[in-house]
Amino acid sequence: MAEMGSKGVTAGKIASNVQKKLTRAQEKVLQKLGKADETKDEQFEQCVQNFNKQLTEGTRLQKDLRTYLASVKAMHEASKKLSECLQEVYEPEWPGRDEANKIAENNDLLWMDYHQKLVDQALLTMDTYLGQFPDIKSRIAKRGRKLVDYDSARHHYESLQTAKKKDEAKIAKAEEELIKAQKVFEEMNVDLQEELPSLWNSRVGFYVNTFQSIAGLEENFHKEMSKLNQNLNDVLVSLEKQHGSNTFTVKAQPRKKTKLFSRLRRKKNSDNAPEKGNKSPSPPPDGSPAATPEIRVNHEPEPASGASPGATIPKSPSQSSLPAVVVETFSATVNGAVEGSSGPGRLDLPPGFMFKVQAQHDYTATDTDELQLKAGDVVLVIPFQNPEEQDEGWLMGVKESDWNQHKELEKCRGVFPENFTERVQ
């Protein structure tokens, strides 16, 4: 019997809930159609908008914080692998091996401590902060349903009162249901009206505490990590001092192509070689370097008082030893640079100048067409006359000091390894 009664109660409750849902659905349809008025509370609606915004921001912060923690863990693993690699390559007889191993252990402990403190002081606090939102969200939704019940009861009561044929018993029951629905709604409404503004205002303090914790933990972590890095640096400096003769040196990329000037020299010797039995070479043909006229500036700026009306760039002594195609290219480059310049200052730079580099290491030339560099030398980079002559990792240029002294490109230019220099302009 008890079981039958229990089943009856359950069935009755289900039926009641179904009826409530139907009544609410009908009420909402009438409200949307404008056939029934809806109770509005603009202040509460603003609180709900703030709540949703706060929940969205908090969820995003939680997600980004978890991503940050995952990155810290990944960096910990990468740092650990790097330390393990150092321990493996650090040979037993080298000085400072024990110190290096101890530094690696402390490095690992520091990463672990940093990650755990981030979890305790930031992530768990974040989880607690967001943990209150689901319950409040559920109560906001329930308040909405109770408001619809209240409006429905109110409309039902009003319709009975305005009916032509009044039924006092039904009116009394409808009034009782209206009072009950109003009481349930107002209790929930009052609680939320107090909680939502308080929750909204709490976000400021929460954000401040969270980011202060993260910033403080990160600052302390980097301070301690900096000390460990300095200690490791001291160990490696000590190792370098005892094995200084084996210090790693920067090397240039190997040159695979034929050296530019050697190639030109062979071409010059071939062009100017006298025939057998002839003691002196025949006169150079038209268009050869020896027959090339002086290069004149095509665009002549207005001469200063007492100055010559035209400017002439004399041939360098080495021009006569270059093939015609090289001189013609050089001539076109110089004329083009001067004609396109906006003032006489361009004449201080070599033709085709692109940018400046500064030598970071000494470089000893291994061929006659290479520049000898000292750390600190500034080189004016110019293009290769024939791009096919350029080897990967090598540039063509003239040292700024040589150019300022001689102003003769063919005498000063040469190739040099790019990885020995750094661009400065």
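1. A polar contact here is a pair of N or O atoms within 3.5 Å; within protein, one must be able to donate a hydrogen and the other to accept it, and residues adjacent in sequence count only if both atoms are side-chain atoms. The side chains of Glu-370 and Tyr-363 make such a contact, at 2.7 Å. Glu-370 sits in the loop between strand E3 (355-359) and strand E4 (378-382). Helices (H or I, at least four residues) and strands (E, at least two) are DSSP runs, numbered from the N terminus.

2. On the basis of the values: this is a predicted model, in which local features need pLDDT of at least 70 and side-chain atom pairs count only at pLDDT 80 or more, while totals for chains, interfaces and linings use all residues. Residues are numbered from 1 along each chain as its sequence is written, and side-chain values use heavy atoms, with hydrogens and water left out.

3. Is Glu-370 buried or exposed? Glu-370 is buried, because its relative accessible area is 9% (buried means under 20%, exposed over 50%, partly exposed in between, with a 1.4 Å probe and protein chains only). Met-396 is 26 residues from Glu-370 in sequence, and their C-alpha atoms are 8.9 Å apart. Met-396 belongs to strand E5 (residues 394-399) and is buried, at 1% relative accessibility.

4. How many salt bridges does a search of the whole structure find? The search gives 12, a salt bridge being a side-chain nitrogen of Lys or Arg within 4 Å of a carboxyl oxygen of Asp or Glu. Side chains of opposite charge can pair when their charged atoms come close.

5. One of these salt bridges links Asp-113 and Lys-117, with an N to O distance of 3.3 Å. The two residues are four apart in helix H3 (residues 97-131), so about one helical turn separates Asp-113 from Lys-117. Asp-113 is partly exposed, at 37% relative accessibility, and Lys-117 is partly exposed as well, at 35%.

6. Helix H4 (residues 133-162) holds both Arg-139 and Asp-135, four residues apart, or about one turn of the helix. Their side chains form a salt bridge of 3.6 Å, N to O. Asp-135 has a relative accessible area of 46% and therefore counts as partly exposed. Phe-133 is also placed in helix H4, but is buried, with 1% relative accessibility. Phe-133 and Gly-58 lie 75 residues apart in sequence, with a C-alpha to C-alpha distance of 9.8 Å.

7. A further salt bridge pairs Arg-413 with Glu-410; the closest N and O atoms are 3.4 Å apart. Which class does the accessible area give Arg-413? Arg-413 is buried, with a relative accessible area of 5%. Glu-410 also counts as buried, at 14% relative accessibility. Elsewhere, salt bridges that share partners join Asp-135, Arg-139 and Glu-195 into one network.

8. The surface carries a patch of negative charge made by Glu-186, Glu-187, Asp-191 and Glu-194. Patches consist of residues with over 30% relative accessible area and no salt bridge; like charges are joined within 9 Å, and nonpolar side chains (Val, Leu, Ile, Met, Phe, Trp, Tyr) within 5 Å. Asp-191 is located in helix H5 (residues 168-242). Its relative accessibility is 38%, so Asp-191 counts as partly exposed.

9. Lys-407 has phi near 55°, a positive value in a residue other than glycine. Most residues other than glycine have a negative phi, and most peptide bonds are trans. Lys-407 is in the loop between helix H8 (400-406) and helix H9 (409-412), and is partly exposed at 36% relative accessibility.

10. In Thr-421, the side chain reaches the backbone oxygen of Glu-418 at 2.9 Å. Thr-421 is part of strand E7 (residues 421-423) and is buried, with a relative accessible area of 13%.

11. Leu-349 falls in the loop between helix H7 (324-339) and E3. At 27% relative accessibility, Leu-349 is partly exposed. Leu-349 and Leu-380 are 31 residues apart along the chain, and 8.0 Å separates their C-alpha atoms.

Methods. Accessible areas come from the Shrake-Rupley method with a 1.4 Å probe; for residues, only the protein chains shown count as cover. Lys and Arg count as positive and Asp and Glu as negative; His and the chain ends are not counted. The place of a charge is taken as NZ of Lys, CZ of Arg, CG of Asp or CD of Glu.
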